[in-house]
Structures are given as structure tokens and as C-alpha cells.
Amino acid sequence: MTDHDDVRDLLAAWAFGALEPAEERLVPPHLAECESCAAEAGRLRATVRLLDGPPLDEPPSGLDTLLTGALRARPAPPPVARHAAPYAAAVAGLGALLPELAGRWSTPVVHDWDVHATVAHLLAADEHLALRLGIDARVPGARIDEDADWTEAWERRTAEVIAHEYGRTPEETVADWSAQAAALLGTPYARDPELAAGTMLSMGIRLPVTEHFLARAFEAWIHTDDIGRALGLAVPPPPEEHLGRLVGLAVRVLGGALGGEAPPVLFAVRGGEQWVLGSQEDPVAAELTLDAVDFCLLVGGRHAPETVPRETTGDAAAVRNVLERAASLSWL
């Protein structure tokens, strides 16, 4: 018997055609038996259709006909490669939340943004990678300035896009965010791991394109969670496999930020992998264990280094250095 929670975690990626073949075989039999998952699958696949083109006609009533209508309305979008699947799932996750926002777009979310501004920020955030991959900007004034301070350029462009989108309806903002996300997932870089292995400078850091797709997934999930919390709606974390890749990205960036001179700390995510951060030559000065979601929220600026739940042993100053550096990475 397929585990219900395992399949439910796969539904967002399934809706985008982003599952591995072994995972793909698990989903249909479960949907035939589970009404709640079938309803969720139909809703997610309908959201994907909205991202991929014109809205669907109203399907017949009933769970089976809803799912069948959503699946047959248009050909499935081309499957994305493993590195783009977390972004595809995060986009589908936010898309699934959007129907809950009617009349609540002015709800405060994070920083000084309401829901409308948060979606506009995501439009601006994804634009950096979109421009690099040859996708035209949805908002006038986009530019790539290699010589500018990226933080300043990031903040300026976010402010420009939010100001522009406040002159439009939330639905128009969502439509442009959706179209840009679909364009990113439709590029050869989203489907070809070899092509996406090449490095690219975006947001002030040179990484393989595969890593930039993970960064987009990270941000889309964090802001979906922000919106959910603001509205009192539970947003599940990414599927375990996707979450592991987001953790890996954050660890690699954190390791680079700490450098090779920091006191070495053995860092582990609870129930998962472990890494030595800092010097690779000296004996480990401390051990630090965090929950994977808490670690991502720390790197995303949603946990404070002094209050994030953790388990530690050894040099408290070395642990504090890792936690403070992790929190300083946030640009979200």
C-alpha cells in the first residue's frame, strides 16, 4: 500500500510532470483510491494549466471528472529535469494558494509588503534569472548591470516592480508572475542538466544554473509560507527530496561565506546529512544540529540566530558564528 503522505508530497511535482519515473508510477493508483488526494491533484493540475496557458473551461462536477478534465484539457507540459523540479513544485504550491486570496490582497505579510507586493517581489526576484536565460521582462525598466552593487540593484528593482504592480490589479500581477515562471520552466535550461551545469552570474553570485533554479525554489517556498502565515493558512514544507536539495544549496553558500578560517563546526540536519563548516584542517570545535525546515527559515531570515531551535555541543562562540553568518545570508 502506498503511503498517503508520501504521495501527497509528490502531487505538486506530479502536476508539473516533474517526477522521476519510479515516483510517477506511484501516483495514479493512489489517486484512484483516495478522494482527498484526487481533489488536490485536480486543483494543482488546473493551476499548472493556468500557468501554461488560457484558463480551463469549468469542468463537470465530481472528483473523477474534475481530475480527468484537468488532465485532458491540454497536453502535459514538458517534464523538467531533476534540478528544476523543486522550483516547479514551489510555483505550483503558490499557485494552489492563490485562490484563497480573494479580498485579502492588502493583508500585511513581511517587511512592509502586503500580499500583492509579495507576489510582485517574486515577479522581480525571478526576473534576474529570466533575463539571463533570454526571457523578456514583464515589467519595463529591467536591466543587467554587472558593475552595480547587487544588493542595491536588487532593492531598487524590487521597489520599481512593486510600485508598477500597485498600479495594476492583483490578478494582473499574478498573471505576469505565472507567465514568467512558466517561461523559466519552459527553457532548455530547465530540461537539460548538462546545459544547466554551466555557471552564470545572477544576484551577485556565480553558480551553476542548476543552483539558480534551486535558489528560485527556495525563495518561492519562503514567500508562499510568508503568505500562508499571514492568512492563517498552513503551507507544507517542500517534499523531503526537494527540501534536502534546498538544504544542500544553503550549506554550500554558507560554507563559502564562512571561508576556510572559521572555527570548524560539525553541522547536521536532524535525521539527515552532516558537513564540516569552516576550517577543514583543525579539529572540530563544536557540533550543531538543526531541523531542515528551521535551517532554511534561518537562512531565509525567518528565524533569529539566538532563538532558532537547535542542539549544540562544544564551543558556543563557534556555533554562534555559524548561526549569525547563516542569518546574514538572507536577501528574501
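## Sheet

Two strands count as paired if DSSP finds at least two bridges between them. In this predicted model, strand β5 (residues 265–269) meets that test with β6: four bridges join the two, and they run antiparallel. Leu 266 stands opposite Val 276 in β6.

These strands belong to an open sheet of four, ordered β6-β5-β7-β8, with mixed pairing. β6 (274–277) and β8 (311–314) lie at the edges. Each has a single partner strand, so one side of each has no neighbour in the sheet. From one strand to the next, the twist averages 15 degrees. Helix α13 (residues 240–258) packs on the sheet and touches β5 and β6. The direction of α13 makes about 15 degrees with that of β6.

## Helix pair α7 and α12

Helix α7 (residues 115–132) packs against helix α12 (residues 209–231). Their axes are 11 Å apart, at an angle of about 180 degrees. An angle over 145 degrees counts as roughly antiparallel, so α7 is roughly antiparallel to α12.

On α7, the contact includes Val 115, Leu 122 and Leu 129. On α12, Phe 213, Arg 216 and Ile 227 are among the residues involved. The contact residues divide into eight nonpolar, four polar and three charged.

## Helix α6

Helix α6 covers residues 85–97. At 1.5 Å a residue, its 13 residues should span 18 Å. The end C-alpha atoms are 18 Å apart, which agrees.

α6 is mostly covered, with twelve of its 13 residues buried. Among the buried residues are Pro 86, Tyr 87, Val 91, Leu 94 and Leu 97.

Terms used: Residues are numbered from 1 along each chain as its sequence is written. This is a predicted model: local features need pLDDT of at least 70, side-chain atom pairs count only at pLDDT 80 or more; totals for chains, interfaces and linings use all residues. Side-chain values use heavy atoms; hydrogens and water are left out. The expected span of a helix is 1.5 Å times one less than its number of residues. Buried means under 20% relative accessible area, exposed over 50%, partly exposed in between (1.4 Å probe, protein chains only). Axes are lines fitted to C-alpha atoms, for helices over the stretch in contact, and angles run from 0 to 180 degrees between N-to-C directions. Angles under 35 degrees count as roughly parallel, over 145 as roughly antiparallel, 65 to 115 as roughly perpendicular and the rest as oblique. Contact means heavy atoms within 4.5 Å. Ala, Val, Leu, Ile, Met, Phe, Trp, Tyr, Cys and Pro count as nonpolar, Asp, Glu, Lys and Arg as charged, and the others, Gly among them, as polar.
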